[in-house]
Amino acid sequence: SLVLFPLVGLFVAFMIYQLLGRFATPVTALRAAMEKKQFIPYLQPVVDGTHHQITGCEVLMRWQHPQSGLIPPYQFIPLAEESGLIVPMTRAMMEQVREQFGPLAAELPKGFHFGFNICASHFKDLTLVDDCKAFIDAFKANPIKLVLELTERELIEQTETTQSLFNGLRRMGVLIALDDFGTGHSSLTYLQKFHIDILKIDQSFIGRIGTDALAGHIVDNVIDLAKRLQMVIVAEGVETQAQVDYLTPYQIEFLQGYFFGKPVAANDFVEKWL
Ligand code: C2E
Ligand code: CA
Ligand code: CA
Ligand code: CA
């Protein structure tokens, strides 16, 4: 055992070193990137379901890396959420959009909406209410609608904090959208508890339109369910005319997808859509 003891110690030290190597470096990198303002908003248009006119947008985060170029969210959002950095990153996103678009308020279509993706852990942070207020206040010249999108994949547990946060948001007129609808397992009680205003039908369902009979049946069911819940519906991931034609009889309020426009940098968005 005299021989084994230092060996075990060495092994443990090695494992800790390995773990730090795997996790510490990327979080440090994220923090540094945040300080250098490398996280930037991309905006994707959302159009109305009848005339296909722009009615709002969704803000999607990108990492503008000096060497690697534009990094998509799936490569850094999970780590940002795990580390808690997602909260200041989201705040910075709201600030950037507010600073860029607030002065353009008068040029926005009436009732234009801005959607931000908010992760479940962020709904425990009461500063979210202040951030939303600052955002709304920046558009006093021509009031906008602020939408917070929360994914059905990670449902929020009801606590006093989340409840008072949701109440605060509602009082300000902030709308809550349930993202990726159909992929999770939210119940009617859940939807009522959190006063969900908007359902965003997951793009995987829209992508199945026209593929085969069973797929069509599944799509119809998800849309029927959303309709029965009597909420405003957004169909996401609309890519083709065939999908638009399929959705038309359902009279879905809003459509979003590459068919209408891809997410673009804020300057390009202004030039293209306003
Ligand atoms: P999401 O919230 O469901 O966003 C929609 C995603 O679908 C976006 O991918 C968008 O670019 C993409 N998309 C839109 N239309 C189409 C289409 O017609 N076809 C296809 N194939 N894709 C389409 P993106 O920007 O890569 O974002 C992926 C996910 O990363 C988002 O999914 C969201 O969950 C997360 N995310 C993005 N930005 C943020 C953020 O600021 N905060 C948080 N917490 N999550 C974010
Ligand atoms: Ca979303
Ligand atoms: Ca979605
Ligand atoms: Ca223009």
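These notebook entries record what I looked up in the structure shown above.

**Entry 1: The model and its numbering**

I noted that this is a predicted model, in which local features need pLDDT of at least 70, side-chain atom pairs count only at pLDDT 80 or more, and totals for chains, interfaces and linings use all residues. Residues are numbered from 1 along each chain as its sequence is written, chains are lettered from A and ligands numbered from 1 in the order in which they are written, and side-chain values use heavy atoms, with hydrogens and water left out.

I then looked up the confidence, given as pLDDT (the predictor's confidence in each residue, from 0 to 100). The protein has a mean pLDDT of 92, and 97% of its residues reach 70 or more. I also recorded an ipTM of 0.98 and a pTM of 0.91 for the model.

I turned next to the strands; helices (H or I, at least four residues) and strands (E, at least two) are DSSP runs, numbered from the N terminus. I sorted residues by relative accessible area: buried means under 20%, exposed over 50%, and partly exposed in between (1.4 Å probe, protein chains only).

Strand β4 covers residues 113-117, and four of its five residues are buried, so the rest of the structure largely encloses this strand. I asked which strands pair with it, where pairing requires that DSSP finds at least two bridges between two strands. Strand β2 (residues 54-65) runs parallel to β4 and is joined to it by four bridges. Strand β5 (residues 145-151) is also parallel to β4, with five bridges between them. His113 of β4 is the bridge partner of Gly56, and His113 also stands opposite Lys145 in β5.

I followed the chain from β4 through helix α4 (residues 127-137) to β5 and found a right-handed β-α-β crossover. Right-handed means that, with the strands pointing away from the viewer, the path from the first strand over the helix to the second runs clockwise.

**Entry 2: The calcium ions**

Which residues coordinate the calcium ion (ligand 2)? I found Glu58 (OE), Asn117 (OD1), Glu149 (OE) and Asp179 (OD), at 2.1 to 2.3 Å. Donors are N, O and S atoms within 2.8 Å of the metal (3.2 Å for Na, K and Ca); water is not among the atoms, so sites may look incomplete. The spacing of these donor residues in sequence is E-x58-N-x31-E-x29-D.

Asp179 coordinates both the calcium ion (ligand 2) and the calcium ion (ligand 3), which are 4.3 Å apart. Glu149 belongs to strand β5 and Asp179 to strand β6 (residues 175-181), so this pair ties together parts that are 30 residues apart in sequence. I noted that Glu149 and Asp179 are both buried.

I then examined the calcium ion (ligand 4), which Glu271 (O) and Leu274 (O) coordinate at 2.6 to 2.8 Å. Glu271 is exposed, at 69% relative accessibility, whereas Leu274 is partly exposed, at 30%.

**Entry 3: Cysteines**

How many disulfides does the structure hold? I found zero, a disulfide being a pair of cysteine sulfur atoms within 2.5 Å. The sulfur of Cys57 is 15 Å from the closest cysteine sulfur, that of Cys132, and this is too far for a bond. Cys119 is likewise in no disulfide, its nearest cysteine sulfur being that of Cys132, 13 Å away. Cys57 is buried, with a relative accessible area of 1%, and Cys119 is buried at 5%.

**Entry 4: Residues in loops**

His195 has a phi near 50°; it lies in the loop between α6 (188-193) and β7 (198-201) and is partly exposed, at 37% relative accessibility. Gln251 has a positive phi of about 50°; it lies in the loop between α9 (241-247) and β9 (254-255) and is exposed, at 63%.

Gln38, between α1 (4-35) and β1 (39-48), has a relative accessible area of 13% and is buried. Not counting residues up to four places away in sequence, Gln38 touches Ala33, Arg62, Trp63, Gln64 and Pro66. Ala105, in the loop between α3 (86-101) and β4, is buried at 1% relative accessibility. With the same exclusion of residues up to four places away in sequence, Ala105 touches Phe139, Ala141 and Asn142.

Technical notes:
Contact means heavy atoms within 4.5 Å.
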